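This briefing is for a reader who has not seen the structure before. Please look through the sequence and the model, then read the points below.

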Amino acid sequence: LECKAQAVSEHSTAGEADRAPPHDLNAEMALLGGVLLKATVVEGLAPEDFYQPAHESIYRAMMEAVARGRPIDPIVVQEELRRMGQGEATGGLAYLGDLLARVPTAENIGHYARIVREAARRRRAIEAAAQLIDAARADIEDPGELAARAWAIAEILLPEEVSAPTRCARCSKPVHGGACRMAGADGQRKA
């Protein structure tokens, strides 16, 4: 089974070019095996959160089965994969059986899902940061647009329970839990 290729921007160094993006294939396999055992998909998890393309397809097939009112088991998932034209590309019924054998316990699928989601979030941030660097080097973006893109990257990385920062009333810059660096203790803008 092939993994997603890392997009390498022209600004990557030699060391960065051969590093794989964040992922945990063991967590992906344990998660998919756990979903097969529990016969339920994980709320808030998207097929695109999986690094391994075969795992993305398998999870998509699981979600399709649920949407069609069908159970999640290896036979049904294999049928959905065939319907999607992915039957053999994903390793077939034998690989689904391997996934079942690899899961230590189905009770931990929430933990495995968090690992998979966090790795996906970090991959999206890396991709967005590479685009930001490319845009800055192209010298076609205005500074405000670059700042907006940078904040969008930060939002990708923020845990869902963390809200966006408040903005300084004087300079409109984001303020994270303290006074603005542009304003003094009295709130007056520094010279």
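S57 is in contact with L81, M84, Q86 and T90, leaving aside its neighbours within four places in sequence. S57 sits in helix α3, and the model that shows these contacts is a predicted one. With a relative accessibility of 13%, S57 counts as buried, because the cut-off for that class is under 20%.

**Overall make-up**

- The protein contains seven helices and two strands.
- Along the sequence, these elements follow the pattern α-α-α-α-α-α-α-β-β.
- The protein has 191 residues, and buried residues make up 35% of them.
- Among contacts in the protein with a separation of 6 or more, 56% are accounted for by residues 24 or more positions apart.

**Helices α2 and α3**

- The axes of α2 and α3 come within 11 Å and cross at roughly 20°.
- This angle makes α2 roughly parallel to α3, because angles under 35 degrees fall in that class.
- The crossing in which α2 passes α3 is left-handed.
- On the α2 side, the residues that meet α3 are L25, E28, M29, L32, V35 and L36.
- Their partners in α3 are H55, I58, Y59 and M62.
- The residues of this contact between α2 and α3 divide into eight nonpolar, one polar and one charged.

**The loop between α2 and α3**

- A39 is found in the loop between α2 and α3.
- Most residues other than glycine have a negative phi.
- A39 counts as partly exposed, because its relative accessibility is 42%.

**Helices α4 and α5**

- Helix α4 covers residues 74-83 and helix α5 covers residues 92-102.
- The axes of α4 and α5 come within 10 Å, with a crossing angle of roughly 135°.
- That angle makes α4 oblique to α5.
- α4 passes α5 in a right-handed crossing.
- α4 makes the contact through P74, I75, V77 and Q78, while α5 makes it through G92, L93, L96 and L100.
- The residues of this contact between α4 and α5 divide into six nonpolar, two polar and no charged.

**L93 in helix α5**

- L93 is found in helix α5.
- Not counting residues up to four places away in sequence, L93 touches P74, I75 and Q78.
- L93 and Q78 are 15 residues apart along the chain, and their C-alpha atoms are separated by 6.2 Å.
- Is L93 buried or partly exposed? L93 counts as partly exposed, because its relative accessibility is 41%.

**Nonpolar cores**

- In soluble globular proteins, nonpolar side chains tend to be buried together.
- The largest nonpolar core in this model has 25 residues.
- Within this core, L31, V42, I58, Y59, M62, V77 and L99 touch the most other members.
- The elements that give two or more residues to this core are α2 (25-38), α3 (53-67), α4, α5 and α6 (109-138).
- Which element gives the most to this core? α2 does, with seven residues.
- Apart from this core lies another core, of six residues, including A125, A128, L132 and I153.
- L31 is in contact with V42, L45, F50, I109, Y112, A113 and V116, leaving aside its neighbours within four places in sequence.
- I58, Y59 and M62 belong to the group that touches the most other core members, and they also take part in the meeting of α2 with α3.
- V77 belongs to that group too, and V77 is one of the α4 residues in the contact with α5.

**A136 in helix α6**

- A136 has its place in helix α6.
- A136 counts as partly exposed, because its relative accessibility is 41%.
- A136 and L146 are ten residues apart in sequence, and their C-alpha atoms are 7.1 Å apart in space.

How values were computed:
Residues are numbered from 1 along each chain as its sequence is written. This is a predicted model: local features need pLDDT of at least 70, side-chain atom pairs count only at pLDDT 80 or more; totals for chains, interfaces and linings use all residues. Side-chain values use heavy atoms; hydrogens and water are left out. Axes are lines fitted to C-alpha atoms, for helices over the stretch in contact, and angles run from 0 to 180 degrees between N-to-C directions. Helices (H or I, at least four residues) and strands (E, at least two) are DSSP runs, numbered from the N terminus. Angles under 35 degrees count as roughly parallel, over 145 as roughly antiparallel, 65 to 115 as roughly perpendicular and the rest as oblique. A crossing is left-handed if the near helix is turned anticlockwise from the far one by less than a right angle, and right-handed if clockwise. Contact means heavy atoms within 4.5 Å. Ala, Val, Leu, Ile, Met, Phe, Trp, Tyr, Cys and Pro count as nonpolar, Asp, Glu, Lys and Arg as charged, and the others, Gly among them, as polar. A nonpolar core is a set of buried Ala, Val, Leu, Ile, Met, Phe, Trp, Tyr and Cys residues joined through side-chain atoms within 4.5 Å. Buried means under 20% relative accessible area, exposed over 50%, partly exposed in between (1.4 Å probe, protein chains only).
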